[in-house]
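Student: I have a structure to read. Could you walk me through its ligand site and its inner spaces?

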Amino acid sequence: MTRTGFVVANLFRKRVRTILTLLSVIMAFLLFGLLQSVNSVFSSGADFVGATRLFVQARVSFTTSLPLSMVPKLEAIPGVTHVAYQQWFGGVWQTNTPLIMFTLDPQRYHDVYPEWKMPEAQWQAFEQTRTGLIVGRQLANQYGWKVGQKIPISSNIWPQKNGSKAWAFDLVGIFDGKDEDWQKRTNLAFIQQDYFDEANQFGIKGRTNFFILKLAEGANAEAISRTVDAMFENSPDETKTQTEKDFNISFVKQIGDIGLMVRWILFAVFFTLLLVVGNTMAQSVRERIPELAVLKTLGFSDGSIFGFVLAEAFALVLAGGLVGLVLASLAGALVEKATGGQFLLELDASVWLLGVAAIVLMSLAVGLLPALRARRLEIVDALAGR
Amino acid sequence: MSEPMVQVHNVTKVYERGKQKIEVLHGLTLEIPQGDFVALMGPSGSGKTTLLNLIGGLDKPTAGEITVGGQRIDQLGSGQLANWRAHNVGFVFQFYNLMPVLTAEGNVELPLLLTKLSGAQRRKNVAVALEVVGLSDRAKHKPRELSGGQEQRVAIARALVSDPQLLVCDEPTGDLDRKTADEILGLLQVLNREHGKTIVIVTHDPKAAEFARRTLHLEKGQLLEQAA
Ligand SMILES: Nc1ncnc2c1ncn2[C@@H]1O[C@H](COP(=O)(O)OP(=O)(O)O)[C@@H](O)[C@H]1O
Ligand SMILES: [Mg+2]
């Protein structure tokens, strides 16, 4: 037997209680791992996106559309080299798989996004095919789509003139990203704005959700975005212009401040955990006060006793924490697979680091008071049950 | 005989309970030679446990001197005292006080975790101690799988395993039936006679006197007689 063996043996004095406590630690860290990686997916934004593009949306919200008549005015701004636009299509594959799908002008989009790599012939086909559709490599692989196929896609927003929400498009191109980061985002689908303008039932024409401005090398993004917003101030179409990165973040924030939500959930989870494990530790020390006194009698120092109790707390939280984090990475991998890589949930180093810090802090939080109590025990009082 | 095993000189013990002060021992003096087997008797509350705890270095006197095995222990700090106990004294309690999560073997090994002995040496010493108390065949049993008498034997093995010269036992037979109590007292007698351990037991059992070399009576914190 060793001191470690003794600590572990003590953990299993009340098997059921220890297992239940362990399960709650595991659950908490599983949640922690998943939520934290969701959070880091969203909050990291896209660092690799340069500041060479600006996004212009309606000031109220990007769900409010802006008229395409703004294009020439935007193009006239010094420093702006190209203008593209995108409108949310609300595409749905089969019954309920939402697609990240936009209507746009092929040539303009191509000019603004050199990061997408696709044979020129396919770009041309996209431009020339009214019902054309291009998709990213990931999406194509996920559903086994091939160029030349007709892809039925419905829209949860836009019916066609005949009232049907079921649309069909000709897949004319599949694009890749210029590097690994961009390749990860090839889960997008694009169709022609012109075709959409013509075919949608509401007769919505010439409007879009946002413009994308490509800036000249060395242009002052800050100044240009102020210029744009000033230009449309007090018009019916006031704008809000920001960098692509900020736009990506605020896009996500429309769903809610994920970071804040995650923090609150984790706070609640860990607070509960603190109570559960703290109670287990306090109880386990309380019920073996005579035993702790005997250890002191045998010659274990106050410091050793303190160490024993703290080690128990640490072992409990460490075991549960590691299992929880491992489960989270397994679950993350599953989610990633199930969504065909559309939803990346990997526990990166920062999540693990944070997890280990949480394990250490949690151990201290639940172990310190019981350990101090054990350390302070007076042998004669404890032996006599006083 | 060389110097005494235990010297208690003019020891006073006062417990403070809030504002209340209880003086339990009043200038008590006592000498226990090496190799003695003393039965300490007396009514409840007379201070027997208090005296035993002082001799065993579990508590410190309010005044007076205590020397055990040539070492003044009343002046040691609590860390030094813990270390001193680990090497010089073995304890046996009325309710055995074994660790329920450990086997007999594990319980006996516990004090050896405080020594520098190797794992193999520890196991050897544990086997010897269990042999001495006649429980080799129960080494792998947990306390709840043992009878009271067997538990007390394990406790005695635990007290012996680091080979202290002094054993202090607080009502070691208080929770046992007559026959088992006699066996335990017999075992202590063997430890005294054959292994040369100095033993002090607190007991209510008049028969314990038959096993001890002498009996001391404590009443209201004072020794009544000191049989030769
Ligand atoms: N830690 C303590 N605090 C306060 N009073 C104590 C303490 N220990 C013992 N006493 C009191 O001292 C007296 C003697 O106790 P004790 O030595 O346990 O007697 P015995 O073992 O002879 O029954 C009792 O009145 C007891 O209440
Ligand atoms: Mg007593």
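Tutor: We take the ligand, then its pocket, then the cavities. This is a predicted model, where local features need pLDDT of at least 70, side-chain atom pairs count only at pLDDT 80 or more, and totals for chains, interfaces and linings use all residues. Residues are numbered from 1 along each chain as its sequence is written, chains are lettered from A and ligands numbered from 1 in the order in which they are written, and side-chain values use heavy atoms, with hydrogens and water left out.

Student: Where does ligand 1 lie, and which residues come nearest?

Tutor: A residue is near a molecule if one of its heavy atoms lies within 4 Å of it. Here ligand 1 lies between chains A and B. There are 14 residues around ligand 1, and the nearest are A:Asp381, A:Arg386, B:Gly45, B:Thr49 and B:Thr50. By class, this shell holds four nonpolar, six polar and four charged residues. Ala, Val, Leu, Ile, Met, Phe, Trp, Tyr, Cys and Pro count as nonpolar, Asp, Glu, Lys and Arg as charged, and the others, Gly among them, as polar.

Student: Which elements supply the shell around ligand 1?

Tutor: Helices (H or I, at least four residues) and strands (E, at least two) are DSSP runs, numbered from the N terminus. In chain B, strand 1 (6–17), strand 2 (20–32) and helix 1 (48–55) each supply at least two shell residues. Helix 1 of chain B gives the most, with three.

Student: Which polar atoms lie by ligand 1?

Tutor: Look for polar contacts, pairs of N or O atoms within 3.5 Å. A:Asp381 has a polar side-chain atom 2.9 Å from a nitrogen atom of ligand 1. From chain B, a polar backbone atom of B:Gly45 is 2.7 Å from an oxygen atom of the ligand. B:Thr49 places a polar side-chain atom 2.7 Å from an oxygen atom of ligand 1. On its own, ligand 1 has 560 Å² of accessible area, and the protein covers 78% of that. Such areas come from the Shrake-Rupley method with a 1.4 Å probe.

Student: Which pocket holds ligand 1?

Tutor: On a 1 Å grid over the protein atoms alone, a pocket is an open set of points with protein on both sides within 12 Å along at least five of seven lines; a cavity is a set where a 1.4 Å probe fits but cannot get out; lining residues have an atom within 4 Å of a point. A molecule sits in one if more than half of its atoms lie within 2 Å of its grid points. Ligand 1 sits in the second largest pocket. That pocket has about 1000 Å³ of space. Its lining has 40 residues, with A:Val380, A:Ala384, A:Arg386, B:Thr49 and B:Asn53 nearest the centre. By class, 16 are nonpolar, twelve polar and twelve charged.

Student: How many cavities of 30 Å³ or more does the structure hold?

Tutor: A volume is the space filled by probe spheres set on the points, which are joined across faces, edges and corners. The structure holds three such cavities.

Student: What lines the second largest cavity?

Tutor: Both chains take part, with A:Thr297, A:Leu298, B:Phe91 and B:Pro111 among the lining residues. This cavity has about 60 Å³ of space. Strand 6 of chain B gives the most to its lining, with three residues. The lining divides into six nonpolar, three polar and two charged residues.

Technical notes:
A polar contact is a pair of N or O atoms within 3.5 Å; within protein, one must be able to donate a hydrogen and the other to accept it, and residues adjacent in sequence count only if both atoms are side-chain atoms.
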